[in-house]
Amino acid sequence: MDYKITLTTTEKKAMDTITNDVHEWIKNAAQNRARIAKIEILNTLIKYCNENAITLATGEEAQVQQAYDLKLVEAVSSEKPSPPSP
């Protein structure tokens, strides 16, 4: 998937002080955070499957989907949380 971001001139100048390739730096940051999230998801899934005698799906892509299917993880909602009921 492709994502587009916009930096102000000041933000670009600031980024230029830490990297000579802002695009690559941003891409690396996003990919690395996704890698960490995937490891967290897989660890949660493996623990759950072992504790509940559930066969683990084959391959990381299928395992991430299995974690979603089992409701162990969910996408972050853009909706504001509702206040608790009294």
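At what angle do helix H2 and helix H3 pack, and how far apart are their axes? The points below take up that question for this predicted model, and then turn to single residues.

1. Packing of the two helices. Two packed helices are described by the angle between their axes and the distance between the axes. Here helix H2, which covers residues 22-51, packs with helix H3, which covers residues 60-69, at an angle of about 70 degrees, and their axes are 9 Å apart. Because angles of 65 to 115 degrees count as roughly perpendicular, that angle makes H2 roughly perpendicular to H3. The crossing in which H2 passes H3 is left-handed.

2. Residues at the contact. On the side of H2, the residues that take part are Lys38, Ile41, Leu42, Leu45 and Cys49, and on the side of H3 they meet Glu60, Gln63, Val64, Gln66 and Ala67. Sorted by kind, the residues of this contact of H2 with H3 comprise 6 nonpolar, 2 polar and 2 charged.

3. The nonpolar core. The largest nonpolar core consists of 7 residues, namely Ile41, Leu42, Leu45, Cys49, Val64, Ala67 and Val73. Both H2 and H3 are elements that give two or more residues to this core, and H2 gives the most, with 4 residues.

4. Ala53 and its backbone angle. Ala53 lies in the loop between H2 and H3, and its phi is near 50 degrees, which is a positive value in a residue other than glycine. Is Ala53 buried or exposed? With a relative accessibility of 74%, Ala53 counts as exposed, because the cut-off for that class is over 50%.

5. Lys71, another positive phi. In the segment after H3 one finds Lys71, whose phi is positive, at about 60 degrees, although Lys71 is not a glycine. The relative accessible area of Lys71 is 71%, so this residue is exposed.

6. Met15 in helix H1. Helix H1 covers residues 9-16 and contains Met15, which counts as buried because its relative accessibility is 14% and buried means under 20%. Which residues does Met15 touch, if those up to four places away in sequence are not counted? They are Leu7, Val22 and Trp25.

7. Asp16 in helix H1. Asp16 is likewise found in helix H1, and at 39% relative accessibility Asp16 counts as partly exposed. Asp16 and Asn50 are 34 residues apart along the chain, and a distance of 47 Å separates their C-alpha atoms.

8. Lys27 in helix H2. Lys27 belongs to helix H2 and has a relative accessible area of 37%, so Lys27 is partly exposed. Along the sequence Lys27 and Tyr3 are 24 residues apart, and in space the distance from C-alpha to C-alpha is 9.6 Å. A student reading the structure may wish to look at this pair together with Asp16 and Asn50, which are 34 residues apart along the chain and have their C-alpha atoms separated by 47 Å.

Conventions:
Residues numbered from 1 in each chain as written. Predicted model: local features only at pLDDT ≥ 70, side-chain atom pairs only at ≥ 80, totals over all residues. Heavy atoms only, no water. Axes fitted to C-alpha atoms, helices over the stretch in contact; angles between N-to-C directions. Parallel < 35°, antiparallel > 145°, perpendicular 65-115°, else oblique. Left-handed = near helix turned anticlockwise from the far one by under 90°. Contact = heavy atoms within 4.5 Å. Nonpolar A, V, L, I, M, F, W, Y, C, P; charged D, E, K, R; others polar. Core = buried A, V, L, I, M, F, W, Y, C linked by side-chain atoms within 4.5 Å. Buried < 20%, exposed > 50% of the residue type's maximum accessible area, 1.4 Å probe, protein only.
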